[in-house]
Amino acid sequence: MAAGRMTESWIARADFFKSQIRYIYSLDVRFATRWSRSLKTGAPAEAWTGLDECEALFICVPDDRLDDVLHSLRRSVWHGRNRPVVICDSGWDSTALTLLEPLGVSPASLNWLEGFEDRRFLAEGAPVALKYLRRLFQGSQAKLHEVAPESRDLFLASLDLVNVTFPLLAAAYEGLRRAEVSPEQALLITERIAMRNSRGYAKAGKKAWLGPAFQGDPGEIERRIRRLGRWQPLFAELLAANAELGWTFLQAEGEGATAERRSSGVEKPKARAAAAS
């Protein structure tokens, strides 16, 4: 089942997946024919019953079309017989397929993870469906990350948090450029520190955060923000907000964080107040 611009989807580039497509169905058969020709795989099916020979069903439609598609499938005479039904690249997880329970399907969701050249995917769902997906991905260069349904949103939100660092990295790069650092060196510095921080946290946790300005002398970050606010107030506010949120998160993470800070004499910097002064 497909809708939207399939030729721009990862499906159009994933040979291991395309080679397994037997039929393509759409509520409008003209689109099924068009996608079959564009993808150069699969025969257009004229009804849900035309998919009875398929081992699994992948639903690749925009979220605002999903409900209509599921109701159409529910009303059909197609029977799941414990076959996998997988929704692709949706904001919904496999629980959205509850409507199809009377058909006996094994529900799952599959999301393409951007930034890995079509080689990493996130999956969750029922055991039968996950077993099928593992077999589908076996032998390909793609990596399948399996999580519990309740963990899917946290996984995707974690990727969003990584993407949110883009404006921070952009601000760091622009700040270095305005400080007369060459483009090559500005890129090298931001890349090196970003990589060091991610690796440092994985190895040492919150102790690896942000260097001596935050660990040894919390007042230093306040002084930097004050000085920066005199000529670059937007940079100062960005630094202040993220410093405060960073401390809040790291204090909440790990056991005994507050006790450790008190024993070391390091307290949370009053970053936002410093930016406003």
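**Figure 1. The residue E180, which follows helix α5, in the predicted model.** Just after α5, the residue E180 adopts a positive phi of about 70 degrees. The structure shown here and in the views below is a predicted model.

**Figure 2. Helix α5 and its kink at P167.** Helix α5 comprises 27 residues, namely residues 152–178. How far apart are the end C-alpha atoms of helix α5? They are 41 Å apart, which agrees with the 39 Å that the helix should span at 1.5 Å a residue. As a general rule, an α-helix has 3.6 residues a turn, so residues three or four places apart point the same way.

**Figure 3. The open sheet of 5 strands.** The strands are arranged in the order β3-β4-β5-β6-β7, and their pairing is mixed. Which strands form the edges of the sheet? They are β3 (57–59) and β7 (143–146), each of which pairs on one side only. On average, neighbouring strands of this sheet are turned by 25 degrees against each other, with direction ignored.

**Figure 4. Strand β5 and the strands paired with it, β4 and β6.** Strand β5 consists of residues 106–112 and is mostly covered, for 5 of its 7 residues are buried. With strand β4 (residues 84–88), β5 pairs in the parallel sense over 5 bridges. Within this pairing, V85 has P107 of β5 as its bridge partner. Strand β6 (residues 120–125) is also joined to β5 by 5 bridges, but these two strands run antiparallel. Here L110 has A123 of β6 as its bridge partner.

**Figure 5. Strands β6 and β7, with helix α5 lying across them.** Strands β6 and β7 run parallel and are joined by 4 bridges. In this pair, F121 stands opposite L144 of β7. Helix α5 lies across β5, β6 and β7. At what angle does helix α5 run to β6? The angle is about 155 degrees.

**Figure 6. The whole chain, as the setting for the close-up views.** The secondary structure of the chain amounts to 11 helices and 7 strands. Of its 277 residues, 38% count as buried. The chain exposes about 16,600 Å², of which carbon and sulfur atoms supply 54%. Among contacts between residues at least 6 apart in sequence, 52% join residues at least 24 apart.

Key. Residues numbered from 1 in each chain as written. Predicted model: local features only at pLDDT ≥ 70, side-chain atom pairs only at ≥ 80, totals over all residues. Heavy atoms only, no water. Expected span 1.5 Å × (residues − 1). Bend = angle between axes of the 7 residues up to and from the residue. Buried < 20%, exposed > 50% of the residue type's maximum accessible area, 1.4 Å probe, protein only. Contact = heavy atoms within 4.5 Å. Areas by Shrake-Rupley, 256 points an atom, 1.4 Å probe, with all protein chains shown as cover. Pairing = 2+ DSSP bridges. Axes fitted to C-alpha atoms, helices over the stretch in contact; angles between N-to-C directions.
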